[in-house]
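Student: I would like to go through this structure with you. Could we begin with strand pairing?
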Amino acid sequence: MKQPTLLVIIGLLIAQSAAAADAEVRFYPQKQLWTYQLEAGRNLHSAVLHNVAVINQGEAALKVEQVRFDLVRENDIVFSRTLYANDLAVAAAGGNALWKSGALDLLKFQFSPKQLLGAATSLSATTTLAAGEGLHLSAQMFAFSGRPELVKVTVDFEGDAKDAVATLPLRYGVVPGNYRFPLRGRWVAGAGSTLHSHHRWAVPEEFAYDFVRYGASGGTYSGDGGKPADYYAYGAPVSAAADGEVVSVVGALPDNIESLRRADEPLTQYQQRLLQGQAALLAQGTQALAGNHVMLRHADGIYSLYAHLKPGSVTVAKGDRVKAGSKLGAVGTSGNSTEPHLHFHLCDAPDPLQCAGMPVAFDDIEIPFAERPRQIQTGDLIEVIGVAEATPKR
């Protein structure tokens, strides 16, 4: 058999190298994929891979045949899911619609187009990617037992094009450091990080909490709930969860009274009105969504957000150094808020929304009726250990 010449071998190596560079898989968030407990005692977790983009970096068109997601532990695949032609076609159409409408830029806190798409010039409406085009896959959710180490994404193309492969490490638990609950007394996690809550599906607030307070009336307010002062949470002091530096402050916005649910207003009508109000706030810029807020920088590149604060209640200024427990403001309902509550989250950048969420554990709380220590779930009653604050009886 005739042996290949050196020039032929070099040519083959160059061709293989070019094929390997024809496509790239990109993520947002890019650093890691945080998990969250589904059930602590049974070692069950969930993870949401918010954004995956397949980018054609070559000159020839590529047709995506399938995309496989593998959860890997010690080089063994412990969970696998494959998206085939029909699912990919739906994803392509949706991504192209986001691109054409400008929603990727409008909602850049969710997609971060520059990080996700790199040098891509557009998102394809089909699974065939022209040079410079990308395919967007959103909100891939995994529920699993044990602790796989990473998620591996493999993209298969039609013909001889080389597979595109990328991995993202899975991270468990919570951020390092000690954090105290930013409120005193007894509270309820009205929205947390469980999969049926809105927070989990948004990158910056994936591990955020909305803390509300119930009173003797059996609800979160007395009277008809038509004004902020009707709510038991309104005006409660908000304190720093850890030592830090103030990096962002807004304190003069009005309470969003229009977003309070009106007496006898049907839920569907209320939800429609909320969507219209959210669109109006978004048009003002993403800062308007947080309303009055304080953001702190902590150690290890961690930032905490205290949002929807009461007008005129903020007691700190940008650049101030604060200690854990220092008063920052009071609970209000400014910004994108449906009723007085504290929105709290940790993330990895000094912007309330242009960041990726990170899970936290509070050192000074108990979850009544929980069988064992665990992460907070939506609907949990939370009791702060130590200095008590009476629950309002009005």
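Tutor: Strands β19 and β20 run antiparallel and are joined by two bridges; two strands pair if DSSP finds at least two bridges between them. Strands are DSSP runs (E, at least two residues), numbered from the N terminus. This is a predicted model in which local features need pLDDT of at least 70 and side-chain atom pairs count only at pLDDT 80 or more, while totals for chains, interfaces and linings use all residues. Residues are numbered from 1 along each chain as its sequence is written, and side-chain values use heavy atoms, with hydrogens and water left out.

Student: Which residue in β20 is the bridge partner of L346?

Tutor: The partner of L346 is M358.

Student: How many bridges do β16 and β19 share?

Tutor: Strand β16 (residues 303–307) pairs with β19 in the antiparallel sense over five bridges, and Y303 stands opposite C347. β12 is also antiparallel to β19, over three bridges, with D210 opposite H343.

Student: Are the faces of β19 covered or open?

Tutor: Both faces are covered: L342, F344 and L346 are buried on one side, and H343, H345 and C347 on the other. Buried means under 20% relative accessible area with a 1.4 Å probe, protein chains only; exposed is over 50%, and partly exposed lies in between.

Student: What does β19 supply to the largest nonpolar core?

Tutor: That core has 39 residues, and F211, Y306 and F362 have the most contacts inside it. β19 provides its largest share, three residues. A nonpolar core is a set of buried Ala, Val, Leu, Ile, Met, Phe, Trp, Tyr and Cys residues joined through side-chain atoms within 4.5 Å.

Student: Changing topic, how many aromatic pairs are there?

Tutor: The whole structure has 11 aromatic pairs. Rings of Phe, Tyr and Trp (its six-membered ring) pair if their centres lie within 6.5 Å; planes under 30 degrees apart are stacked, over 60 edge-to-face, and the rest tilted. The planes of F79 and F142 stand at 85° with the ring centres 6.0 Å apart, so this pair is edge-to-face. F79 lies in β5 (residues 76–83) and F142 in β8 (residues 133–145), so the pair ties together parts 63 residues apart in sequence.

Student: Is F142 buried or exposed?

Tutor: F142 is buried, at 0% relative accessibility, whereas F79 is partly exposed at 25%.

Student: What about F344 and F362?

Tutor: Their pair is tilted, at 5.6 Å centre to centre and 55° between the planes.

Definitions and conventions:
Helices (H or I, at least four residues) and strands (E, at least two) are DSSP runs, numbered from the N terminus.
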